[in-house]
Amino acid sequence: MADGGQTESEQDVESKIRETRQRFKEEFVQDSTDKYDSRDVERLMKDDMLVDGYLTWRHFVVDDTLKMIDESLQWRKEFNVNDLTESSIPRWMFETGAVYLHGYDKEGNKLFWFKVKLHVKDAKTTVDKKRYVAFWLERYAKREPGMPLTVVFDMSESGLSNIDMDFVKYIINCFKVFYPKFLSKMIIVEMPWIMNAAWKIVKTWLGPEAISKLKFVSKADIQTFISPEHLPPHMGGTDQFKYSYPPLPDDDFQSPISENGPIVSEDESEAKDTESECKESLESSFNTELALRPKKVNFVDDGVKPDDLERQDSSSRLRGARKPLTTFKGTLLHVSPAEELSFGSRDTEKKCLIVLNNVTKNQVAFKVRTTAPEKYRVKPSSSSCEAGASVDIIVSLHGGFQASPQDRFLVMAAEMEPGAGSGSPELAQFWKEVPKAKVMEHRLRCHVLEIPKSILSNPSDSLSSTPTGDTQDLQTALMRLMASNSRLEQKLDACLWLQKVLLVLVSILMAFTIHSLWKS
């Protein structure tokens, strides 16, 4: 029954996607071909995930979804989003460091930082600032499609002169209309009390779907959402990152640790990988020769063939690795899995398989990088794949490390010229010379498997425990917490009321003072 219900739901979504596309084409595109960028329309007609995102955000009401798509695509053309590049944004905007992507929250979502104290309202630069935000969002959307962002408004040392309500409304619209399903949370850190009224207005813009995502925190409780290693020191964190430009701050992808030990640099990594593969090949050949020698003496016809040994070695290497079930279809390589590698705490959950399939007619060079090179061993981390062939890459945890949702892997690929060498020196030179525009990039995130409750709890303890008493204690604690929360809310309301009264009295006093001065 569950499977049947799930299938019906999937069929309903597919039907809604088809209806949305058909109606958008008939009601919006035909009469106004210049209204949108043709690339956006083409993507809408091909990308199911994009349409599903709009539908989900509008609760699968097609009429509302069409209005949202219309507004979103018009905005994309107005701001020329598809052609936004680093060079199309004024350099001074990058240099201020007011907006940038860096670090992750505890759920593995990228952090989108807004340093409010560095923002000054200026009508002359409003459009450039909006394009700047669009640049970052589009850059992230292309690199990690479908992955949400956590917005952090760092309001420490900010004041009324830094508040730009029009700009804040634009940022909210970016997540509410232009990039649906992109907002994980919006965290406001150390908001001055004088800005309470402004943020009450902001809440009305968010709508019911996004209000629950709004989190007001202080330095004391921000670690509820973000670990110290991804927080700056002024928020009680240990992240020593300091924004500077150029270059743009980006994911800190590095060469992973190969099966033969840590690698100091990229070129050295490739050299050592090749050296180790040569040693393994020699050892394998020597062992194969020893294994085959008795066979030859005894004239056994069904001796072990080198191909069979290679298959056995490959199967033993892949044993225990989690097989991918989904595929990302890139221009050069099909990458499996499509989005994430799943690791757990069990020994059978510490190894994953990445499968690369070459869909071109030429040899393709590839390399795998990671944001946590000390945790993972990747084999092979850099090599090439023949036309129409596939390569199995083993990614394994080692040294007692545990996977984290913040960990990322980057698969890079580029098509090689016919007859190009695939040795270590040739590959190293190739990656130095290949234009960035010709490099295919695909990112994979880590998914941490939960430990089953049956493992966490001791059966003997569960038999002798008294769940009724534990439940009562929990209910008592919860009631106390709710009562405390209620008292705090009452005190907060009283403070807000007093604040309004004081503002009124100050206004009256100022009016009286001005009136007295004017009469005198």
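Tutor: One term before we start: strands are DSSP runs of E with at least two residues, numbered from the N terminus. Also, this is a predicted model.

Student: Okay. Where is Pro337, then?
Tutor: Pro337 sits in the loop between strand S7 (333-336) and strand S8 (340-343).

Student: What kind of peptide bond joins it to Ser336, cis or trans?
Tutor: Cis. Omega for Ser336 and Pro337 is about 5°. Most peptide bonds are trans.

Student: And what kind of bond joins Pro246 and Pro247?
Tutor: A cis peptide bond again, with omega about 0°. Pro247 belongs to the loop between strand S5 (214-217) and helix H10 (266-297).

Student: Where is His59?
Tutor: In the loop between H3 and H4.

Student: How do H3 and H4 cross?
Tutor: Helix H3 covers residues 48-57 and helix H4 covers residues 62-78. Their axes come within 8 Å and cross at roughly 120°. H3 and H4 are therefore oblique to each other. The crossing is right-handed.

Student: Which residues meet there?
Tutor: From H3, Tyr54, Leu55 and Trp57. From H4, Val62, Thr65, Met68, Ile69, Ser72 and Leu73. By class, that contact has seven nonpolar, two polar and no charged residues.

Student: What about H2 and H3? How do their axes cross?
Tutor: At roughly 90°, and the axes come within 5 Å. That makes H2 roughly perpendicular to H3. H2 brings Arg43, Leu44 and Lys46 to the contact, while H3 brings Asp48, Leu50, Val51 and Tyr54. Four of these residues are nonpolar, none polar and three charged.

Student: New topic: pockets. What is the volume of the largest pocket?
Tutor: About 1200 Å³. Its lining has 37 residues.

Student: Which ones lie nearest its centre?
Tutor: Arg43, Asp47, Met49, Ala141 and Pro145.

Student: Which helices and strands each supply at least two lining residues?
Tutor: The helices are H2 (38-46), H3, H4 and H6 (126-143). The strands are S6 (328-329) and S15 (440-448).

Student: How does the lining divide by class?
Tutor: The largest pocket is lined by 14 nonpolar, five polar and 18 charged residues.

Methods. Residues numbered from 1 in each chain as written. Predicted model: local features only at pLDDT ≥ 70, side-chain atom pairs only at ≥ 80, totals over all residues. Heavy atoms only, no water. Axes fitted to C-alpha atoms, helices over the stretch in contact; angles between N-to-C directions. Helix = DSSP H or I, 4+ residues; strand = E, 2+ residues; numbered from the N terminus. Parallel < 35°, antiparallel > 145°, perpendicular 65-115°, else oblique. Left-handed = near helix turned anticlockwise from the far one by under 90°. Contact = heavy atoms within 4.5 Å. Nonpolar A, V, L, I, M, F, W, Y, C, P; charged D, E, K, R; others polar. 1 Å grid on protein atoms, 1.4 Å probe; cavity = no way out; pocket = protein on both sides within 12 Å on 5 of 7 lines; lining within 4 Å. Points joined across faces, edges and corners; volume = space filled by probe spheres on them.
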